[in-house]
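Please keep the sequence and the coordinates at hand while reading.

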Amino acid sequence: DTAVSQTPKYLVTQMGNDKSIKCEQNLGHDTMYWYKQDSKKFLKIMFSYNNKELIINETVPNRFSPKSPDKAHLNLHINSLELGDSAVYFCASSQDPGGSNSPLHFGNGTRLTVT
Amino acid sequence: AQSVTQPDIHITVSEGASLELRCNYSYGATPYLFWYVQSPGQGLQLLLKYFSGDTLVQGIKGFEAEFKRSQSSFNLRKPSVHWSDAAEYFCAVGGTGTASKLTFGTGTRLQVTL
């Protein structure tokens, strides 16, 4: 019954590795997002996709590559991980793009720790 | 550019006491304003939203917020706090359009003492 699910919940890895986080939503929403929450709880949008098309790319290093195989999935692949990538990454979805007309539904987050 | 300021990083209240969390925003047009709550280990959940109409909006869990354009504020209130309200609260501002995005404040952590 989980509306927005992301895996894994925890991810511990070493610098230089490549890792992926997966996200799926069963709400039938057209728009999906990746947000990054840093250690001070600051939440910032990274990407948004509407109907599998990239809408927002917020000056994120190109080591981060989102992929949306269909409207229900938005995965995040990170190459050459750095210490500064350690954060909690949230997937979210909404019916309409932007998160204003229709609310954002968040997953429970993936805590990434880079050592 | 749009921005949100939550001046209080951490607030502690006793159970049963009233609560007010402050939020100030900056936005060039008529804003959409939101309050989200994040419980430990969870994602964010929408409490309430304002765009137009009555400036006092009601949300879930007994929360309400008042939009004051003259003060660029959207403060969250609850008349009587319950221990289960302990969480992180985020104010956010957004606009309309496909490429619009929500900008979140830095959050206020609410601690409830029994």
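How many salt bridges does the rule find across the interface of chain A and chain B? The rule finds 1 salt bridge there, a salt bridge being a side-chain nitrogen of Lys or Arg within 4 Å of a carboxyl oxygen of Asp or Glu. The partners are Lys101(B) and Glu58(A), whose closest N and O atoms lie 2.8 Å apart.

This is a predicted model, in which local features need pLDDT of at least 70 and side-chain atom pairs count only at pLDDT 80 or more, while totals for chains, interfaces and linings use all residues. Residues are numbered from 1 along each chain as its sequence is written, chains are lettered from A and ligands numbered from 1 in the order in which they are written, and side-chain values use heavy atoms, with hydrogens and water left out.

The interface itself can be described next. On the side of chain A, 23 residues are in contact with 24 residues of chain B, where contact means heavy atoms within 4.5 Å. Together the two chains bury about 1,900 Å², 53% of it on carbon and sulfur atoms; buried area is the accessible area (1.4 Å probe) that two parts lose on being put together, summed over both. Between chain A and chain B, 9 residue pairs are in polar contact, both residues at pLDDT 80 or more. A polar contact is a pair of N or O atoms within 3.5 Å; within protein, one must be able to donate a hydrogen and the other to accept it, and residues adjacent in sequence count only if both atoms are side-chain atoms. On the side of chain A that touches chain B, the elements giving two or more residues are strand S4 (31-37), strand S5 (43-50) and strand S6 (53-57) of chain A. Strands are DSSP runs (E, at least two residues), numbered from the N terminus.

Beyond its neighbours within four places in sequence, Gly43(B) is in contact with Phe90(A), Phe106(A), Gly107(A), Asn108(A), Val37(B) and Gln38(B). Why does Gly43(B) count as buried? Gly43(B) counts as buried because its relative accessibility is 11%, and buried means under 20% relative accessible area (1.4 Å probe, protein chains only).

Within chain A, Gln6(A) belongs to strand S1 (residues 4-7) and is buried, with a relative accessible area of 9%. Its side chain reaches the backbone oxygen of Tyr89(A) at 2.8 Å and the backbone nitrogen of Gly109(A) at 3.1 Å. Leaving aside neighbours within four places in sequence, the contacts of Gln6(A) include Trp34(A), Cys23(A) and Cys91(A).

In chain A, Cys23(A) is joined to Cys91(A), S to S 1.8 Å. The pair links distant parts of the chain, from strand S3 (residues 19-25) to strand S9 (residues 87-94), 68 residues apart. Cys23(A) and Cys91(A) are buried, and their link is left-handed, with -75 degrees about the S-S bond.

In chain B, the disulfide joins Cys23(B) to Cys91(B), S to S 2.0 Å. This link is left-handed, with -65 degrees about the S-S bond. Cys23(B) sits in the loop between strand S3 (19-21) and strand S4 (24-26) of chain B, whereas Cys91(B) is in strand S10 (residues 87-94). Both Cys23(B) and Cys91(B) are buried.

How values were computed: A disulfide is a pair of cysteine sulfur atoms within 2.5 Å. Helices (H or I, at least four residues) and strands (E, at least two) are DSSP runs, numbered from the N terminus. Buried means under 20% relative accessible area, exposed over 50%, partly exposed in between (1.4 Å probe, protein chains only).
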